[in-house]
Amino acid sequence: MTREELLNNTLKKIFSVRTTILQLSTGSGKTKIAIDCIKAIEDKLIKQGEEQITVNILVPRRALINNWKDELKKWDYHSKGIDIKCYNSIDKCNRYADIWIFDEAQHMSEARRETFIDMKISPTSKIIVLSATLPKEIMYFFESFGTYNIVKNTLNDAIEDNILPTPTIITIPIQLDTKNRQYTIIKNPRCNNPIECNFEERWNYIKRFSNRKIIIHCTARQYYSYMSDQIDWYKKRFMSSRSIAIKNKWLRSAGDRLKWLSMYKNNTVKYILSLLKEQRTLTFCNNIEQSEILGSNAIHSKTSKALKTLDDFNNNKIKHITAVHILDEGMNLKDCKVAIFANLNASEIIGIQRVGRSLRCKNPYIIIPYIVNSRDEEIKNKMLENYNKEYIINLSDISKIKEVKI
């Protein structure tokens, strides 16, 4: 369906149902459709004698409040009856508002859902839910408010219907070093009299020196194997014990492994960026440290310049930005030619959001460096399993990016 068809399908039922769920891919125009719904409802209520309608718009982060203000201005809607707040301020909203809009509704926590129920909002209020990736429990929650209509399209639907462009995806395999012992594993860290050994000898030393600190020297591949073994061990222990403490250690270890894999790619990503210095790029990073290593224009939660940096990028004052999670969803991003996935996230939701963020120009490119024979490669394969193979380029030699007409 085109954007116009999505809008028409929404407006066709907006007056006959209480809740409208727009589960549309990033870039499909959810915000524009929501604003058109507000205008249509307003027109009808004013004809019925209401002087001004009231609208509550809820967003997950403060940065998205300005986004909504910009979008309302862009689409020429200037009502004084609009109130935009974050989800954590839902209890401060006018419970008798004519329209409730829940943006990025996948972030509406169970506590906020309970607060919304307790508010006992007006039974005539219209509810509009916006999300590209709405979990089932949140969809069921909004469906429980009476009659509802779901307008849905996936990222693949949007690409097939030419709402979004088809990206060319470049995958770059990276081998873990198997020669240089540049990593260390510490056993018995609280003990004294440290003793050193190589990875291959570790079990002999661990058995013989239980009362001494053991420093194990290993290669990158050996260090990755060690981390994976730790994760498997915690996972098996959790499956047999169902201990929350063990589960937390398992998940934390898995997160540490993804962070390590991301950081291992830093030199590769720097080289890619040097080859693409004339292109407009966004690099998705695992953490703040990585975002600052890979670029001087880093966008993350601990910088006061995040919104200014994004504005400078959108206004073509700068060409390269790096980001942690703040650009995963909801933020306006203009004309981004190349998205580099320095971090591969196991969350399917984050993966979809990031791909959608990347399709903001006519011929976008997504570059995915990945570590061969690792969790990285598993995530990459999962991301691309249903993707058209004609649009995937595998480059073992990074310098050949210059030969790809980006």
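Trainee: Is Gln23 buried or exposed?
Mentor: At 10% relative accessibility Gln23 counts as buried, since the cut-off for that class is under 20% relative accessible area; bear in mind throughout that this is a predicted model.

Trainee: Where does Gln23 lie, and which residues is Gln23 in contact with, leaving aside neighbours within four places in sequence?
Mentor: Gln23 belongs to strand S1, which spans residues 19-24. With those sequence neighbours left aside, the contacts of Gln23 are Ser131, Ala132, Leu134, Met139, Val151, Lys152 and Asn153.

Trainee: Switching to helices, at what angle do H4 and H5 pack?
Mentor: Helix H4 (residues 110-119) and helix H5 (residues 136-143) pack at about 5°, and their axes are 12 Å apart, which makes H4 roughly parallel to H5.

Trainee: Which residues make that contact?
Mentor: On the H4 side the contact is made by Arg113, Phe116 and Ile117, and on the H5 side by Glu137, Ile138 and Phe141; by class, the residues of this contact of H4 with H5 are four nonpolar, no polar and two charged.

Trainee: And H9 with H14, how do their axes cross?
Mentor: The axes of H9 and H14 cross at roughly 90° and come within 10 Å, so H9 is roughly perpendicular to H14. Arg257, Leu258 and Leu261 of H9 meet Arg375, Asp376 and Ile379 of H14, and the contact of H9 with H14 divides into three nonpolar, no polar and three charged residues.

Trainee: Staying with H14, which of its residues are buried?
Mentor: In helix H14, residues 375-384, the buried residues are Asp376, Glu377, Ile379, Lys380 and Leu384. They lie on the same side of H14, because they cover an arc of only 160° around the axis.

Trainee: What covers them?
Mentor: The cover over the buried residues of H14 includes helix H9 (244-264) along with strands S7 (168-174), S15 (365-371) and S16 (392-394).

Trainee: What happens at the start of H14?
Mentor: There, a side-chain oxygen of Ser374 reaches to within 3.1 Å of the backbone nitrogen of Asp376, and Asp376 is itself one of the buried residues of H14.

Trainee: Last topic, H12: which residues are buried there, and what covers them?
Mentor: Helix H12, residues 306-314, has Ala306, Thr309, Leu310, Asp312, Phe313 and Asn314 buried, and what covers the buried residues of H12 includes strands S11 (281-284), S12 (298-299) and S13 (320-323).

Trainee: Which residue just after H12 takes a positive phi?
Mentor: That is Asn316, with a phi of about 65°.

Conventions:
Residues are numbered from 1 along each chain as its sequence is written. This is a predicted model: local features need pLDDT of at least 70, side-chain atom pairs count only at pLDDT 80 or more; totals for chains, interfaces and linings use all residues. Side-chain values use heavy atoms; hydrogens and water are left out. Buried means under 20% relative accessible area, exposed over 50%, partly exposed in between (1.4 Å probe, protein chains only). Helices (H or I, at least four residues) and strands (E, at least two) are DSSP runs, numbered from the N terminus. The arc is that of the directions from the helix axis to the C-beta atoms. Contact means heavy atoms within 4.5 Å. A polar contact is a pair of N or O atoms within 3.5 Å; within protein, one must be able to donate a hydrogen and the other to accept it, and residues adjacent in sequence count only if both atoms are side-chain atoms. Axes are lines fitted to C-alpha atoms, for helices over the stretch in contact, and angles run from 0 to 180 degrees between N-to-C directions. Angles under 35 degrees count as roughly parallel, over 145 as roughly antiparallel, 65 to 115 as roughly perpendicular and the rest as oblique. Ala, Val, Leu, Ile, Met, Phe, Trp, Tyr, Cys and Pro count as nonpolar, Asp, Glu, Lys and Arg as charged, and the others, Gly among them, as polar.
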